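Please look over the structure shown here before reading the notes that follow. They are grouped by topic.

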Amino acid sequence: MYENPITLTNEFNENKLRSEWNYSVGETNKMIILQNYKGNSDVVIPTSFLMNNKWYSVKLSINSFPIYIRTIRTEVVGTNSKILSSSSFECLFYECQSLVSADLRNIDTRNVTDMYGMFSKCSLLRCLDVSNFDTRKVTYIYMACLMDVINIRCRMNTSFILAS
């Protein structure tokens, strides 16, 4: 938690959320659950959203991103430093053939068990930052495109071998 939260209310507010995501709201735990992306080709996922003058944490619970996305980055905003995640990232970016850059370092992956095909068929991916991924619980981790990635900042907390 940050003592002085970054307040980017113009960028990460309820209108932005409504225009770019299908989502649900958990009022009891103050959580926004992102379910489906419907925005443009450049995705920014904040660690918090401001709704009704309250900060809500963000959980990524999406099966896959649309194939047209070009860049995706996470951004620390508000009172949370990490985006929560579901237990599966299987095929999360599968066939995102326009994806050139993915900065995913602010996603909490400590409970993820499946990363099978996460970046399969992302032939244009050139910059990937998964430097804070915790993969200790991952049992499936095949990421086909990694042989083609030029600039990988990857410090995965595991003994898995990434096959291509």
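Which side chain does a polar contact of 2.7 Å join to that of D42? In this predicted model, the partner is T71, whose side chain is joined to that of D42 by a polar contact of 2.7 Å.

- D42 is found in strand 3, which covers residues 42–46, and D42 counts as partly exposed because its relative accessibility is 38%, a value that lies between the 20% and 50% cut-offs.
- Leaving aside residues up to four places away in sequence, D42 touches Y37, R70 and T71.
- Although D42 and R70 are 28 residues apart along the chain, their C-alpha atoms are separated by 5.6 Å.

**Strand pairing**
- Strand 3 runs parallel to strand 6 (residues 71–75), and the two are joined by 5 bridges, with P46 standing opposite E75 of strand 6.
- Strand 6 also pairs with strand 8 (residues 101–103) in the parallel sense, over 3 bridges, and here I72 stands opposite A102 of strand 8.

**Positive phi values in loops**
- Most residues other than glycine have a negative phi, which is the background for the two residues below.
- K30, in the loop between strand 1 (21–26) and strand 2 (31–37), has a positive phi near 50 degrees, and with a relative accessible area of 27% K30 is partly exposed.
- E95, in the loop between strand 7 (84–85) and strand 8, has a positive phi near 60 degrees, and with a relative accessible area of 28% E95 is partly exposed.

Technical notes
Residues are numbered from 1 along each chain as its sequence is written. This is a predicted model: local features need pLDDT of at least 70, side-chain atom pairs count only at pLDDT 80 or more; totals for chains, interfaces and linings use all residues. Side-chain values use heavy atoms; hydrogens and water are left out. Helices (H or I, at least four residues) and strands (E, at least two) are DSSP runs, numbered from the N terminus. Buried means under 20% relative accessible area, exposed over 50%, partly exposed in between (1.4 Å probe, protein chains only). Contact means heavy atoms within 4.5 Å. A polar contact is a pair of N or O atoms within 3.5 Å; within protein, one must be able to donate a hydrogen and the other to accept it, and residues adjacent in sequence count only if both atoms are side-chain atoms. Two strands pair if DSSP finds at least two bridges between them.
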